[in-house]
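This report describes one protein model for a reader who has not seen it before.

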Amino acid sequence: MAKSIQISAEGLAKLEKELNHLVTVKRVEIAEKLKEARGFGDLSENAEYDEAKNEQGILEAKIAELEWKIANAEIVDASQLSGDEVNIGSTVKVNNRKLDKVQVFAVVSSTEANFEEGKISDESPIGMALLKKKVGDVVEVKAPIGIIEMEILDIN
């Protein structure tokens, strides 16, 4: 049985949009490249054809990956989560004791993670440390700069 991946409705829509683009635009572009490269003659020594075939293989692997993620997606409805503990979909305010700084993170699936936007993966060291914790808990995270202690101040 395939493992489901938890994702927000917004994250799922983003995956579906990317898949649609790859199938309707990129596949057509690569098909054109292959058609053009075939016109250069002998395929056994045709670098353009080999490059286009490699691109096609990478594209088809990406399409298969997206199709799997979409088929196995379990939408997390943030409105259904209790604000008592950190889950995927939670927004968490923490006091980073190492930096002496208050930070806010949205805990999301790995497919939605974007650190610049404050979205951290539930599979990242910080995300894993925060999951299932409550307001007032202090978590320790192993990071390249050493152990980081974070106190959970608020969960939304």
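Five strands make up an open sheet with mixed pairing, in the order E5-E4-E3-E7-E6. Strands here are DSSP runs of E with at least two residues, helices are runs of H or I with at least four, and both are numbered from the N terminus. Two strands pair if DSSP finds at least two bridges between them. Strand E5 (119-121) and strand E6 (138-143) are the edge strands, each pairing on one side only.

The model is predicted: local features need pLDDT of at least 70 and side-chain atom pairs count only at pLDDT 80 or more, while totals for chains, interfaces and linings use all residues. Residues are numbered from 1 along each chain as its sequence is written, and side-chain values use heavy atoms, with hydrogens and water left out.

Within the sheet, strand E3 (residues 91-96) and strand E7 (residues 146-155) run antiparallel and are joined by five bridges. Lysine 93 has aspartate 154 in E7 as its bridge partner.

Apart from neighbours within four places in sequence, serine 109 is in contact (heavy atoms within 4.5 Å) with Gln6, Ile7, Ile88, Ser121 and Asp122.

The structure holds one aromatic pair. Phenylalanine 105 and phenylalanine 115 form this tilted pair, at 6.3 Å centre to centre and 35° between the planes. Rings of Phe, Tyr and Trp (its six-membered ring) pair if their centres lie within 6.5 Å; planes under 30 degrees apart count as stacked, over 60 as edge-to-face and the rest as tilted. Because phenylalanine 105 lies in strand E4 and phenylalanine 115 in the loop between E4 and E5, the pair ties together parts that are 10 residues apart in sequence.

The table gives the accessibility of these residues. Buried means under 20% relative accessible area, exposed over 50%, and partly exposed in between (1.4 Å probe, protein chains only).

| Residue | Relative accessibility | Class |
|---|---|---|
| Serine 109 | 5% | buried |
| Phenylalanine 105 | 4% | buried |
| Phenylalanine 115 | 54% | exposed |

In the protein there are three helices and seven strands, and from the N terminus the elements run β-α-α-β-β-β-β-α-β-β. Buried residues make up 31% of the 156 residues. The C-alpha atoms fill a box of roughly 70 × 35 × 30 Å along the principal axes.
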